[in-house]
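Here's a quick briefing to read alongside the model. Have a look at the structure first, then we'll go through a sheet, a helix and a loop residue.

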Amino acid sequence: MPELPEVETVCRGLSAVMPGRRILRADARRPDLRFPLPERFAARLAGRIVESVSRRAKYIRVFLDDGQVLVAHLGMSGRMLIGRGDPPVPAAHEHVLIELDSGDRIAFADPRRFGFMDLIPADGLDSHPWFAQLGPEPLGNAFDAATLSAALHGRRTPIKAALLDQRVVAGLGNIYVCESLFRAAISPRRLAASVAGARAERLVPAIRDVLNEAIEAGGSTLRDHKRPTGELGYFQHSFRVYGREGEPCPGCDCGKAVQRIVQSGRSTFYCPVRQR
């Protein structure tokens, strides 16, 4: 599933072409994705001017001039691709097309259809069930060691599971939690409540650094992710532990290999010597 860096990369690509442009036409090629599309979806988009594009957690938010917000989630395999002109043949799995008055065309493609789109009033966005319980953005000023320590207080789950809880911090997923915990030298098995003080002080900048580096690299392409331009991300070449089971621990003279365990049904990669 695309995580924060991949979604941020998509938002930045859309921000380069959508704000200030009018939607000439929208085409919904099926009535549903993961959930049914809203009533009169295409008609409600047609004629609207895009005011801005932003990300919240793993959601893309396109603010329109009539007070609506087009909210999209990429699910497991979703992509937003930008092209120009009429495609000779509709591409497979392109479920929603948006044409702008600039000539740019945005296609939402999703082979597995775990993604979704909706139109939500802007004045009700923060209270919507998708957003109301989200934690702070890890790249925002509201996320610091004190905030993280408070969110983890009393939690008896492993820190890996706690960081995947979107109420603790928004947008993190399996890949970047593994990488952040490695950089902070914190075991994914450690109880979340014990990650406070000095450990939280290490973990917050590690999370920020991993996310910023991944965004700069265009995200990680393991299977489905592409930037809106069609280019692949390449942060996967900088993974230190994720997917590297059995390889030597990088930057560590422990003599051990990266290990893989399963936590809450997900693979966790870490060094049992470096990470305590």
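This is a predicted model: local features need pLDDT of at least 70, side-chain atom pairs count only at pLDDT 80 or more; totals for chains, interfaces and linings use all residues.

Residues are numbered from 1 along each chain as its sequence is written, and side-chain values use heavy atoms, with hydrogens and water left out. Helices (H or I, at least four residues) and strands (E, at least two) are DSSP runs, numbered from the N terminus.

**The sheet**
- Four strands make an open sheet in the order E1-E6-E7-E5, with antiparallel pairing; two strands pair if DSSP finds at least two bridges between them.
- Strand E1 (23-28) and E5 are the edge strands, each pairing on one side only.
- From one strand to the next, the twist averages 20 degrees (axes are lines fitted to C-alpha atoms, and angles run from 0 to 180 degrees between N-to-C directions).
- E1 pairs with E6 in the antiparallel sense over five bridges, and Asp-27 has Leu-97 in E6 as its bridge partner.

- E7 (residues 104-109) has six of its six residues buried, where buried means under 20% relative accessible area, exposed over 50% and partly exposed in between (1.4 Å probe, protein chains only).
- Asp-104, Ile-106 and Phe-108 point one way from E7, Arg-105, Ala-107 and Ala-109 point the other way, and all are buried.
- In a regular strand, side chains alternate between the two faces of the sheet.
- Strand E5 (residues 79-84) pairs with E7 in the antiparallel sense over six bridges.
- Strand E6 (residues 94-100) runs antiparallel to E7, and five bridges join them; here Glu-99 stands opposite Arg-105.
- The E6 and E7 hairpin has three residues between its strands, and Gly-103 takes a positive phi near 100 degrees there.

**Helix H1**
- H1 (residues 4-15) reaches 16 Å from its first C-alpha to its last, close to the 16 Å expected at 1.5 Å a residue; the expected span is 1.5 Å times one less than the number of residues.
- Ten of its twelve residues are buried, among them Leu-4, Val-7, Cys-11 and Leu-14.
- Their cover includes E5, E7 and helix H5 (174-183), with contact meaning heavy atoms within 4.5 Å.

**Out on a loop**
- Asp-253 lies in the loop between helix H6 (198-216) and strand E9 (259-263).
- Asp-253 is exposed, with a relative accessible area of 79%.
- Asp-253 and Pro-38 are 215 residues apart in sequence and 56 Å apart in space, C-alpha to C-alpha.
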